[in-house]
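Let's take a friendly walk through a protein model together.

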Amino acid sequence: MADRNYARTNISGCRINWLIPILLVALLAGCALKVKLVGEYDEILDQKVTDLYKSTSSFFVKLKSSSGNEGSYIENKDFYIYAQGEVATLILRAQVTEEGLKRNPLTQNFNDLQKQYEDLATLHKTSPTPAMIKSAEKAFEQSFRAILQNLLYLKWNQHQPEAKQ
C-alpha cells in the first residue's frame with residue numbers, strides 16, 4: 001500500500017515538475033513578443049487627407065453658390081478626376097501602412113471615401129437639390145472626421161513610450 005501512494009505522489013510530482021518550466025517558458029516568450037495592433041503614423045498621408053478635405057470643402061462651397069451651367073457635372077468633372085486620383089493614392093499608402101495588421105481601419109475609411117466620391121459624381125449628374133448637396137457635404141465631413149481621428153490616434157501612439165518588460 002505504501003508503494004502505491006509513493007507511485008502516485010511520484011507521478012503527480014513529475015507532472016508538476018514539468019508543468020512549471022513549460023509555463024515559465026511560455027510566459028517569458030509571451031512577454032518577449034511585440035504584437036503590433038495599429039499601423040505607423042504617416043505624415044504624408046495626414047497632409048494629403050488635409051489637402052483633399054480642403055479641396056472637397058471648397059468644391060461644396062462652389063457647388064452651393066453656383067448657378068446654371070457653372071454648377072454642372074461637366075464643368076466640375078476635373079474635381080472628380082482629381083479626387084479619385086488622390087483617394088487611390090491614399091488607399092495605397094494606407095494599405096502599406098497597415099500591412100500585416102488584422103484590422104485595416106484607414107484602408108476601409110479610404111475605400112468608403114472613394115465610394116462617396118463615386119456616389120457624389122452620380123448625384124451631381126442628376127442636378128441635385130440644395131438639400132441633397134448639404135446631405136452629401138455632411139456625409140463627407142463625417143468621413144473625413146473619422147479618418148483624421150484615426151490619424152491623430154496613430155500620431156499620439158507614435159509618441160507613447162513602449163512598455164518596459
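The side chains of R93 and D42 meet in a salt bridge, with 2.9 Å from N to O. A salt bridge here is a side-chain nitrogen of Lys or Arg within 4 Å of a carboxyl oxygen of Asp or Glu. Side chains of opposite charge can pair when their charged atoms come close. R93 sits in helix α3 and D42 in the loop between α1 (2–32) and α2, 51 residues apart, so the pair links distant parts of the chain. Helices are DSSP runs of H or I with at least four residues, numbered from the N terminus.

This is a predicted model, in which local features need pLDDT of at least 70 and side-chain atom pairs count only at pLDDT 80 or more, while totals for chains, interfaces and linings use all residues. Residues are numbered from 1 along each chain as its sequence is written, and side-chain values use heavy atoms, leaving out hydrogens and water.

By the salt-bridge rule, the count comes to 4. Two further pairs are K64 with E137 and K115 with D119. K64 in helix α2 and E137 in helix α5 are 73 residues apart, whereas K115 and D119, both in helix α4, are separated by about one helical turn.

How open to the surroundings are these residues? The table gives relative accessible areas, where buried means under 20%, exposed over 50% and partly exposed in between (1.4 Å probe, protein chains only).

| Residue | Relative accessible area | Class |
|---|---|---|
| R93 | 28% | partly exposed |
| D42 | 11% | buried |
| K64 | 47% | partly exposed |
| E137 | 14% | buried |

Now for the core. Which residues have the most contacts inside the largest nonpolar core? They are L52, L106, F110, L113 and Y117, in a core of 28 residues. Such a core is a set of buried Ala, Val, Leu, Ile, Met, Phe, Trp, Tyr and Cys residues joined through side-chain atoms within 4.5 Å. Helices α2 (43–65), α3 (77–97), α4 (105–124) and α5 (130–158) each supply at least two of its residues. Leaving aside neighbours within four places in sequence, L52 is in contact (heavy atoms within 4.5 Å) with Y82, A83, E86, V87, L90, L113, Y117 and F144.

E137 also turns up elsewhere: together with Y53, T56, S57, F60, F140 and E141, E137 lines the largest cavity. Helix α2 gives the largest share of that lining, 4 residues.

How values were computed: 1 Å grid on protein atoms, 1.4 Å probe; cavity = no way out; pocket = protein on both sides within 12 Å on 5 of 7 lines; lining within 4 Å.
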